[in-house]
Structure formats: structure tokens, C-alpha cells
Amino acid sequence: TVFDAAAKSAGRLIPFAVVTPHTDPNAARRVEAWIGEKRIAGAKALAWYHALEPGRDLAPIGHVLERARMPLLLQLGANARTSDFQALRTACPKLNVILTHAAMPVFRAAWESVRKDPRLYIDLCGPWIDAATTRAAVRAVGAHKAVFGSNAPTGLRSPEQTGDSSYAAALERLAELRLRSNEMDLIMGETMANILNNPSGA
């Protein structure tokens, strides 16, 4: 299992739990149990695929994560209700929320909030964002508010389509930004480490 692989990875793998409150009425309790067993470092919700309304459907899980000082990765949905991350921020003001794919599909509409809100971040997962979007997002929110994401396995397909996994495309998008080394360090791990290890100060 993922849990087993993470336990054997000497800290290289950090497990997050995908939450499905639309089909699992006990999702919050399940997350709380995994936290108690020290199996996860956070959770991820897919509002896009599961038609979740963040404020309504994710608040109970958000409260569990708040108490544990763990973050939520949130893939926003395709309409106003399922992309309303502010409703979740209102319900869970101490929750660190990372909006995936540079806050797709609202993008720029969210970036100002990410820049100003100390508990909002974006990740730079592909393959749905290109180099231009990556550049615009990092400029808008600041390198300290963006974290690297590979979006495995779909974001790790090799350019040759051989079936092998490769970080090449994701890393090339970042290399094209020509960031200072300290900015790249923030994106490639320092900010995420701060979210995980110093959540109240993130």
C-alpha cells in the first residue's frame, strides 16, 4: 500500500489521503483515524471530479486537518459553487489550503487571494498548465506561495511516450522561468516543508 511504501521510504514519500465525502459519510472520521495512526501528512480533495462544494462538503474534514495542523490540497471545480475556495477558508480559517494546478480553472481570479492570504498557496502540477501559465502564476503570487507538483502518474509521462516516468516536462517549465536559486529552492521544497513542519507560521 501507499502507507507501507511511505513507511519504508525514510521520509522521501509523504502520503496524503484523497477524501471523498460525497460517497463516504465517515470521511472526516477516517482522516482523523489516519492522523492518529500517523499515516498521513494531509489530505486532497477533488472538487472538479467529485462535484464538491468546498465550504459545504469539506468543512468537516477541514476542521480535522486544522486541529492536526495539516494542509489540504484542493483541486477546484468547474463552476462557481465547486470552485468557491473562499467558503472553505471562511469555515476553516486556520487551515492551510494548496490550490492545485495554479488554481485551475479560475487561475488569475484566485491569485490575488493567494498572494494576500497567508494560508493559501498554489501548486504547479501539470499537465494542464503550460510554461506561460506557470510564469504568470509565480509572478502573481510570489515564489514563496508556489510549490512544485509532478501530478503523478499523468504528469510524469516521458516525452518519448515509452511508458517510463519522467519529471522532465515539469522541471523544464520551471527552468524556463529563470528564477533566482533561492526562489527555486522555495518552490522545490522549502515552502512545502514549512507548511508541513511549521504550519502555524506558514
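Modeller: Let's begin with R67, which is exposed at 57% relative accessibility. Here exposed means over 50% relative accessible area, buried means under 20%, and partly exposed is in between, using a 1.4 Å probe and protein chains only. Before we go on, two notes about the model. It is predicted, with local features needing pLDDT of at least 70 and side-chain atom pairs counting only at pLDDT 80 or more, while totals for chains, interfaces and linings use all residues. Residues are numbered from 1 along each chain as its sequence is written, and side-chain values use heavy atoms, with hydrogens and water left out.

Back to R67. Its partner in a salt bridge is E32, with the closest N and O atoms 3.5 Å apart. A salt bridge here is a side-chain nitrogen of Lys or Arg within 4 Å of a carboxyl oxygen of Asp or Glu. Because E32 lies in helix 2 (residues 27–36) and R67 in helix 5 (residues 59–68), this pair ties together parts that are 35 residues apart in sequence. Helices (H or I, at least four residues) and strands (E, at least two) are DSSP runs, numbered from the N terminus. E32 itself is partly exposed, with a relative accessible area of 41%. As background, side chains of opposite charge can pair when their charged atoms come close.

The count of salt bridges comes to 10. One of them joins D24 and R30, at 2.8 Å from N to O. In that pair D24 is buried, with a relative accessible area of 14%, while R30 is partly exposed at 39%. Another links E183 with R180, whose closest N and O atoms are 3.3 Å apart; R180 is exposed, at 55% relative accessible area. There is also a network of salt bridges that links E53, R56, D57 and R81.

From helices and charges, let's move to the sheet. It is open and made of six strands in the order 1-2-3-4-5-6, with parallel pairing. Strand 1 (16–19) and strand 6 (146–147) are the edge strands, each pairing on one side only. Two strands count as paired if DSSP finds at least two bridges between them. Strands of a sheet pair through backbone hydrogen bonds, either parallel or antiparallel.

Now step across the strands. Strand 1 and strand 2 (residues 42–46) run parallel and share four bridges; here A17 has A43 in strand 2 as its bridge partner. Four bridges also join strand 2 to strand 3, again in the parallel sense. In strand 3 (residues 72–75), L72 and L74 point one way while L73 and Q75 point the other way, and all are buried. Q75 stands opposite L46. On to strand 4, which runs parallel to strand 3 and is joined to it by three bridges; L73 is opposite I98 there.

Our last stop is G149, in the loop between strand 6 and helix 9 (168–175). G149 is buried, at 8% relative accessibility. Leaving out residues up to four places away in sequence, G149 touches L124, C125, G126 and A170. Of these, C125 is buried at 7% relative accessibility. Another cysteine, C92, is buried too, at 0%. A search of the whole structure finds zero disulfides, a disulfide being a pair of cysteine sulfur atoms within 2.5 Å.

Note on methods: Contact means heavy atoms within 4.5 Å.
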